[in-house]
Amino acid sequence: MSAADETRSDRLLVIIPAFNEEASLPAVLDELYATLPAIDVVVIDDGSLDRTADVARAGGAAALRLPYNLGIGGALRTGFRYGVDHGYRRAVQFDADGQHDPGEVAALVRPLADGADLVIGSRFADAESDYEVGRVRRRAMRVLGITVRVLSGQVFTDTSSGFRAFGPDALDLFARSYPAEYMESVEALVMACASGLRVAEVPVRMRTRAGGQPSTRSFRLAYHYVRLLLVVLVTKRRAPLREATP
Amino acid sequence: MSPRAHIFVFLVTVGALVFILRLVRRRQLRAKYAMLWVSVGSVLAVLATFPVLANRAATLAGVDYQPAALLFGAVAFLFLLVVHFSWELSRLEDRSRTVAEELAMLRHRLEQVEGSDGTDDETTSPPARTPEPGSAQSD
């Protein structure tokens, strides 16, 4: 087993949480493998009612089937634990709906080599970005960005991006605890800052969602914003897991 | 309190106590909750039998309007209980989430072991990009 761990420590694990994605998953997997030769893919089937797990397996990925729907946060933590258990030291979080471009993975992973623990692919860091979001959503994202900036002392242009890369320390942290509720990506970012992880942001291009609407209504967004605010305030007062590197 | 009301309250309290004891005997309540409810039931039964006691306790605490003391006690007790349940529920949710994750990983491991007959560990690693024998080629 140790020989396998040895090779896996340099390999990149792509973690894809998927809920009822049998339609888009095959193309996403094909494109991933075609673009990036030296990767392993794990698909976490988050209690899907369709054949997501079968499709993932047929597409060459490892498929973890959750017995019921845990939400993206739960699916992701399963992926992180899988990664840590199997000796991976780098991982990328990737969408199953074709929103993310495999061609951007290399750019996303690059800062890990320079000592970053968590890399966020930002839709807005770049002027040439043409990613469209609704007005309410954009405003909510901006307020979140300001909140995170005040509490973490770091500037992020895209706090809720689901296109991220993780180094060994981030994997360890998130395999132990990863937020479970909606907008977990923002919460995870705050956790990473509070734990003294080095967080970097790189501009990435994203495609507009292939199918389906972003499932957010403004009142739901408002509720989760307030919840998040509370979480953020509490997190800040928790003792850091390790000292921040100066 | 009229004697009739007195008897009515007493009967209701005793009924509640019997109900709790039955739950306990059938082992449908965890011991800690059983103890809690049995003691609450007993206190209520005593108070229902001797309402004077409640009034005296209220006067001792400096409450002028005695029923208010009883209501305050009840609200405070229920509030603490509900907070405790929320805490317990959060913990249980956390645990069931961990169990679900563990199950997904074990299931995957099992599929791997069954797929490769458990002979060579190398073949059980995920990167092999060949469809597993179980997945039928439908197209």
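Modeller: Helix 5 (residues 105–113) of chain A lies across strand 1, strand 4, strand 5 (118–122), strand 6 (164–166) and strand 7 of chain A. Its direction makes about 140° with strand 4 of chain A. Such angles run from 0 to 180 degrees between N-to-C directions, with axes as lines fitted to C-alpha atoms, for helices over the stretch in contact. This is a predicted model: local features need pLDDT of at least 70, side-chain atom pairs count only at pLDDT 80 or more, and totals for chains, interfaces and linings use all residues. Residues are numbered from 1 along each chain as its sequence is written, while chains are lettered from A and ligands numbered from 1 in the order in which they are written.

Biologist: What makes a stretch a helix or a strand here?

Modeller: Both are DSSP runs, numbered from the N terminus: helices are H or I with at least four residues, strands are E with at least two. By that rule chain A has 9 helices and 7 strands. Chain B comes to 4 helices and 0 strands.

Biologist: Which residues of helix 5 of chain A are buried?

Modeller: A:Val105, A:Leu108, A:Val109, A:Pro111 and A:Leu112. Buried means 20 or more other C-beta atoms within 10 Å of the residue's own; exposed means 12 or fewer; partly exposed is in between, with C-beta atoms placed from the backbone.

Biologist: Why do you say that the buried residues line one face of helix 5 of chain A?

Modeller: Look down the axis of helix 5 of chain A: the buried residues fall within an arc of 145°, so they line one face. The arc is that of the directions from the helix axis to the C-beta atoms. An α-helix has 3.6 residues a turn, so residues three or four places apart point the same way. The face turned away from the buried side carries the exposed A:Ala106 and A:Ala113.

Biologist: What covers the buried residues of helix 5 of chain A?

Modeller: The cover includes strand 1, strand 4, strand 5, strand 6 and strand 7 of chain A.

Biologist: What order do the strands of the open sheet in chain A follow?

Modeller: The order is 3-2-1-4-6-5-7, and the pairing is mixed. Strand 3 (62–65) and strand 7 (199–203) of chain A each have a single partner strand, so one side of each lacks a neighbour in the sheet. From one strand to the next, the twist averages 20°.

Biologist: What makes two strands a pair?

Modeller: DSSP must find at least two bridges between them. Strand 1 (residues 12–18) and strand 2 (residues 39–45) of chain A have 7 bridges and run parallel, so they pass that test. One bridge partner of A:Ile16 is A:Val43, in strand 2 of chain A. Strand 1 and strand 4 (residues 90–93) of chain A have 4 bridges and also run parallel. There, A:Leu12 is bridged to A:Arg90, and A:Leu13 to A:Ala91.

Biologist: Why is strand 1 of chain A called largely enclosed?

Modeller: 7 of its 7 residues are buried, so the rest of the structure largely encloses strand 1 of chain A. A:Leu12, A:Val14, A:Ile16 and A:Ala18 point one way, and A:Leu13, A:Ile15 and A:Pro17 the other.

Biologist: What makes a crossover right-handed?

Modeller: With the strands pointing away from the viewer, the path from the first strand over the helix to the second runs clockwise. Strand 1, helix 2 (residues 25–35) and strand 2 of chain A make such a right-handed β-α-β unit.

Biologist: What makes a set of residues a nonpolar core?

Modeller: The members are buried Ala, Val, Leu, Ile, Met, Phe, Trp, Tyr and Cys residues joined through C-beta atoms within 7 Å. The largest such core has 73 residues; among those with the most contacts inside it are A:Val14, A:Val43 and A:Phe174. Helix 8 (residues 184–194) of chain A gives the most to this core, with 8 residues. Helix 8 of chain A has 11 of its 11 residues buried.

Biologist: Which residues does A:Phe174 contact, leaving aside neighbours within four places in sequence?

Modeller: A:Arg77, A:Phe80, A:Phe166 and A:Ala188. A contact means that the C-beta atoms, placed from the backbone, lie within 7 Å.

Biologist: Why does B:Ala54 count as partly exposed rather than buried or exposed?

Modeller: B:Ala54 has 19 C-beta neighbours inside 10 Å, so it counts as partly exposed. B:Ala54 sits in helix 3 (residues 51–60) of chain B. Beyond four places in sequence, B:Ala54 touches B:Leu47, B:Gln66 and B:Leu70.

Biologist: What share of each chain is buried?

Modeller: In chain A, 47% of the 246 residues. In chain B, 4% of the 139 residues.

Conventions:
Two residues are in contact if their C-beta atoms, placed from the backbone, lie within 7 Å.
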